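Thanks for making time this morning.

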Amino acid sequence: MGIPCHYALFELQPAFDVDLDMLSGRYRELARKVHPDRFADAGETEQRHAIERSANLNEAYQTLKSPSRRARYLLTLQGREMPLEATVQDPAFLMQQMHWREELEELHDEANIAGVAVFKARLKVAQQDLNDSFSRVWQDETQREQAERLVRRMQFLDKLSQEVRQLEERLDD
């Protein structure tokens with residue numbers, strides 16, 4: 001029994017732009033149907049299948065609701081497997097990364113909660129710009145290398161956002 005395409009689970013066509021409200025509604029509906037608790041009185045094989053279906057559904061949902069994971073998945077569907085931690089051959093973006101890291105370190109050293117909020121807002125704008133760029137590039141099959149570069153940037157910003165959230169939590173304590 002092969003694992004179905006994440007998009008097929010939700011009855012969607014593979015695309016970068018996804019209606020997230022529709023996706024989460026469909027996820028809740030499907031999760032109720034495949035939840036392992038519904039199969040508590042079933043045989044062992046059926047219980048195991050329910051757990052697998054539930055795990056596949058959760059993985060598909062987590063992938064499709066995250067722009068960077070969705071973008072990577074789309075490239076994978078086209079046979080463009082990308083390592084999770086790919087080095088970025090992108091000097092301008094490497095400089096930007098260094099600048100962001102230094103700025104975040106300063107905010108940490110100064111325990112500047114207001115500054116962290118401003119940084120977080122700028123980061124959100126940068127993420128949305130990357131999502132918009134990927135959406136445009138994704139439409140053009142001749143731009144797959146650019147799409148991969150954008151995915152790497154998206155992954156970096158995801159990681160940086162996580163660090164910002166952790167810093168916020170530390171400063172709030």
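The largest nonpolar core here has 41 residues, and those with the most contacts inside it are Phe10, Trp100, Phe119, Phe134, Leu157 and Leu160. By such a core I mean buried Ala, Val, Leu, Ile, Met, Phe, Trp, Tyr and Cys residues joined through side-chain atoms within 4.5 Å, where buried is under 20% relative accessible area, with a 1.4 Å probe and protein chains only. H7 gives the most to this core, with 10 residues; helices are DSSP runs of H or I, at least four residues, numbered from the N terminus.

Before going further, please keep in mind that this is a predicted model, in which local features need pLDDT of at least 70 and side-chain atom pairs count only at pLDDT 80 or more, while totals for chains, interfaces and linings use all residues. Residues are numbered from 1 along each chain as its sequence is written, and side-chain values use heavy atoms, with hydrogens and water left out.

Leucine 157, setting aside neighbours within four places in sequence, is in contact (heavy atoms within 4.5 Å) with Trp100, Leu123, Ala126, Gln127 and Leu130.

Turning to the last item, where does histidine 6 sit, and is this residue buried or exposed? Histidine 6 is found in helix H1, residues 6-9, and is buried, with a relative accessible area of 9%. Not counting residues up to four places away in sequence, histidine 6 touches Glu59, Ala60, Thr63, Leu64 and Tyr73.

As for the helix pair, H5 (residues 91-110) and H7 (residues 144-172) have axes that come within 11 Å and cross at roughly 5 degrees.

Terms used: Helix = DSSP H or I, 4+ residues; strand = E, 2+ residues; numbered from the N terminus. Buried < 20%, exposed > 50% of the residue type's maximum accessible area, 1.4 Å probe, protein only. Axes fitted to C-alpha atoms, helices over the stretch in contact; angles between N-to-C directions.
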